[in-house]
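Here is a friendly set of notes to read with the structure open beside you. Take the points one by one, and find each residue on the screen as you go.

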Amino acid sequence: MKTAIIELTVRNHPGVMSHITGLFSRRAYNLEGIFVNRLKNTEKSRMLLAVEENEKISQIIKQLEKLHDVLEVSLRHDEKEELIRKMDEFLT
Amino acid sequence: MEKKGAEIIIETLEKKGVRLVSGIPGGSNLPIYDALSKSRKITHILARHEQGAGFIAQGIARTTGKAGVCIATSGPGVTNLLTALADAKLDSIPMIAITGQVASSLLGTDAFQEVDTYGLSLPITKHNFFIKNADEIEKTLFEAFWIAESGRPGPVLIDIPKDVQNQIIDFISMEDESRFEPKEEWNEEDLKKTAEKINRAQKPVLYIGGGVLSAEASQEIQTLSEKNSIPVVSTLMGLGAISSDHPLFSGMIGMHGAPCVNMMMEEADLIIVTGARFDDRATGKVDAFCKKASVIHIDIDKAEIDKIRKTDLYLAGDLKKIIGKLIPMIESSKRENWIQETEKLKKEHPMPFPKKKYHPASLIQRIGRELPDDAIIITDVGQHQMWTAQHYPFQKPRSFLTSGGLGTMGFGLPAAIGAALANPDKKIILFTGDGSFLMNIQELAVVHEWNLNITIIILNNRQLGMVKQQQELFFAKNYFASQFHYTPDFDSIGKGFGIRSIRIENETEEAKYFDDMIESKTPFLVEWMTDPDENVFPIVPPGKSNIEMIQE
């Protein structure tokens with residue numbers, strides 16, 4: 001399985017995680033991993049979502065872009081492998 | 001100036017031009033109701049069930065294009081409202097739901113009438129808010145209206161704890177500065193390519209959906225169609241966008257669509273899909289849908305592009321603007337060969353019409369011929385809904401309200417109430433079935449209270465007709481749980497609600513009351529007894545391609 005990383009900038013409030021994870025569950029997209037952190041001195045958070053890289057990915061991104069609390073969406077290719085490896089190491 | 005949260009809510013609604021609000025009071029929204037009682041601008045419509053309140057708001061929204069507003073209390077008030085929210089989401093209807101929540105100090109304690117409103121409403125709204133402090137109220141409400149009405153419209157819920165409604169703050173009203181326009185994705189080059197593709201096509205079809213009505217682009221669609229002689233076909237949600245008598249209008253597509261339309265789609269070499277989303281009821285088996293055609297998709301919601309059917313070209317943005325710009329780039333053409341071919345299909349494979357004179361289809365069509373063009377027709381869900389979609393001669397945008405995406409039985413009566421309240425000068429007709437009508441029958445009390453100009457026609461076949469029909473055709477006539485052993489006397493029920501009610505059992509009785517149905521200006525309930533053996537034809541079996549229609 002090839003993993004892709006979707007990077008999100010979101011408004012930071014208690015409901016925002018539900019909006020993101022809810023989207024994945026109701027559209028039946030698999031979510032392999034999540035990493036979230038608040039951006040210093042802002043009302044925003046950055047999220048990294050690890051997802052399977054398949055033909056559904058462009059639909060996932062379009063649906064994410066529609067969420068009101070999602071400010072930016074991008075597909076990260078740079079140091080992607082490194083990131084996944086680090087997350088892997090840290091969590092397992 | 002010092003103000004209570006609840007007062008700010010009402011003041012903001014007034015500022016947004018809201019004049020009608022439906023709802024039911026309860027423990028957690030009483031401060032809002034107290035403030036509402038003092039409003040001189042807003043009329044409150046007391047529904048008898050929160051789902052009714054939600055669909056009343058939808059009836060207002062679907063006929064005006066403006067967000068309908070409803071209010072519910074926490075707990076059961078919210079859970080009752082959910083169906084109307086989900087319905088608005090699937091049909092892209094702008095709506096604002098304001099719900100009371102238990103006081104902040106009780107949140108998360110499983111308090112009386114506490115549910116996770118935010119969590120429950122999240123997947124069935126366009127967006128939802130939880131308000132923590134009264135100073136967020138005005139800005140959040142402004143935002144909520146923008147979100148509900150802009151881009152692809154949809155429902156927005158705002159949950160407000162009771163203590164925040166009672167919170168007194170030093171309030172300075174702000175200007176509405178929220179502006180949410182969807183990111184459009186198209187340019188001059190795309191327009192040029194679109195125009196070229198249309199000009200080059202031999203057999204193009206304009207496939208229109210509810211988005212044409214939301215975008216108020218009916219006139220542009222008609223001009224485009226006329227200039228280049230492109231036949232127009234419509235989904236259930238798009239009916240009314242183009243007059244059904246227009247020579248280039250061919251009818252409804254899909255599961256219960258006109259045979260000629262489904263055949264035309266099979267022949268098309270280009271489909272221009274505008275404000276539609278390739279719903280499975282419209283396309284049938286997707287792999288077999290419009291196999292010979294290339295696809296241009298124009299829609300405000302980019303996420304609909306390539307979701308079901310891969311496009312050859314797309315323009316994501318405002319239909320009215322895009323089609324408007326496209327028109328001068330399109331050649332005038334008579335398309336004699338293609339029009340001749342489609343005319344032949346229309347003549348040889350029209351929408352089948354029942355031979356019997358006493359038949360719902362015949363009643364619906366005759367009523368349509370008599371009523372003024374701006375009459376508003378509402379349906380519930382089931383056989384009567386499809387007969388109405390197939391046979392009512394719709395003339396105007398927003399003249400047909402139906403639950404298309406969610407297919408909610410019980411939609412009809414409260415939606416008709418909302419339509420009547422927002423359009424006091426227009427005639428409102430509700431076609432419903434005995435199954436659907438029982439699902440929100442309590443709202444008859446509201447019809448009586450406000451003396452609304454609604455004629456309710458219950459096509460009573462004493463069963464869940466569409467279910468029974470599918471059991472007949474696809475489950476070897478194993479009728480189970482679809483036929484009622486007992487059906488109430490609707491004529492008496494109507495009278496019990498103080499509404500003039502009659503029953504019609506045959507042609508003679510129908511003739512006696514027909515003019516009344518057309519001319520009545522006050523609540524009128526007609527129980528129209530229907531032959532339970534009647535089915536809706538044509539029907540494409542679920543999962544089959546649209547050209548595999550069963551015609552009788």
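Predicted model: local features only at pLDDT ≥ 70, side-chain atom pairs only at ≥ 80, totals over all residues.

1. On the side of chain B that touches chain A, the elements giving two or more residues are strand 6 (127–130) and helix 6 (137–149) of chain B. Strand 6 of chain B gives the largest share of that side, three residues. By residue kind, the side of chain B that touches chain A has eight nonpolar, two polar and eight charged residues.

2. How many residues does each chain bring to the contact? Chain B brings 18 residues and chain A brings 13 residues. The area buried between chain B and chain A is about 1,200 Å², and carbon and sulfur atoms give 53% of that area. Look for B:Leu122, B:His127 and B:Ala303: they supply 36% of the area that chain B buries against chain A, more than any other three residues.

3. Now for charges across the interface. Between chain B and chain A the count is two salt bridges. In a salt bridge with N to O at 3.3 Å, the side chain of B:Lys302 meets that of A:Glu65.

4. Staying with salt bridges, the structure holds 40 of them over all chains. One of these joins the side chains of B:Arg152 and B:Glu304, at 2.8 Å from N to O. This pair links distant parts of the chain, with the partners 152 residues apart: B:Arg152 is in the loop between helix 6 and strand 7 (155–161) of chain B, while B:Glu304 is in the loop between strand 13 and strand 14 of chain B. Are the two partners buried or exposed? B:Arg152 counts as partly exposed, because its relative accessibility is 21%. B:Glu304 counts as buried, because its relative accessibility is 5%.

5. The side chains of B:Asp306 and B:Lys310 form a salt bridge at 3.6 Å, N to O. B:Asp306 is partly exposed at 26% relative accessibility, whereas B:Lys310 is exposed at 63%. B:Glu343 forms a salt bridge with B:Lys346, and their closest N and O atoms are 3.5 Å apart. B:Glu343 and B:Lys346 are separated by about one helical turn because they are three residues apart in helix 14 (residues 336–348) of chain B. B:Glu343 counts as partly exposed, at 37% relative accessibility. Salt bridges that share partners also build one network, which joins A:Lys66, B:Arg152, B:Asp301, B:Glu304 and B:Lys307.

6. Next, look at B:Ile300. This residue lies in the loop between strand 13 (294–299) and strand 14 (313–316) of chain B. Not counting residues up to four places away in sequence, B:Ile300 touches B:Gly151, B:Arg152, B:Pro182, B:Gly317 and B:Asp318. Why does B:Ile300 count as partly exposed? The label applies because its relative accessible area is 23%, and buried means under 20% while exposed means over 50%. B:Ile300 and B:Ala276 are 24 residues apart in sequence, and 9.9 Å separates them in space, C-alpha to C-alpha.

7. Let us turn to the interior. In soluble globular proteins, nonpolar side chains tend to be buried together. Here the largest nonpolar core has 63 residues, and B:Ile367 and B:Ile457 have the most contacts inside it. Leaving aside neighbours within four places in sequence, the residues in contact with B:Ile457 include B:Leu363, B:Ile367, B:Phe431, B:Met517 and B:Trp528. Another core lies apart from that one and has 49 residues, among them B:Ile45, B:Ala419, B:Ile454 and B:Ile458.

8. Finally, where is B:Asn453 found? B:Asn453 sits in the loop between helix 19 (444–449) and strand 18 (454–460) of chain B. This residue is buried, with a relative accessible area of 14%. A polar atom of the side chain of B:Asn453 lies 3.4 Å from the backbone oxygen of B:Lys426. Not counting residues up to four places away in sequence, B:Asn453 touches B:Lys426, B:Lys427, B:Ile428, B:Ser520, B:Lys521 and B:Thr522.

Technical notes. Residues numbered from 1 in each chain as written. Chains lettered and ligands numbered in written order. Heavy atoms only, no water. Contact = heavy atoms within 4.5 Å. Buried area = accessible area lost by both parts, 1.4 Å probe. Salt bridge = Lys/Arg side-chain N within 4 Å of Asp/Glu carboxyl O. Helix = DSSP H or I, 4+ residues; strand = E, 2+ residues; numbered from the N terminus. Nonpolar A, V, L, I, M, F, W, Y, C, P; charged D, E, K, R; others polar. Core = buried A, V, L, I, M, F, W, Y, C linked by side-chain atoms within 4.5 Å. Buried < 20%, exposed > 50% of the residue type's maximum accessible area, 1.4 Å probe, protein only. Polar contact = N/O pair within 3.5 Å; in protein donor to acceptor, adjacent residues only side chain to side chain.
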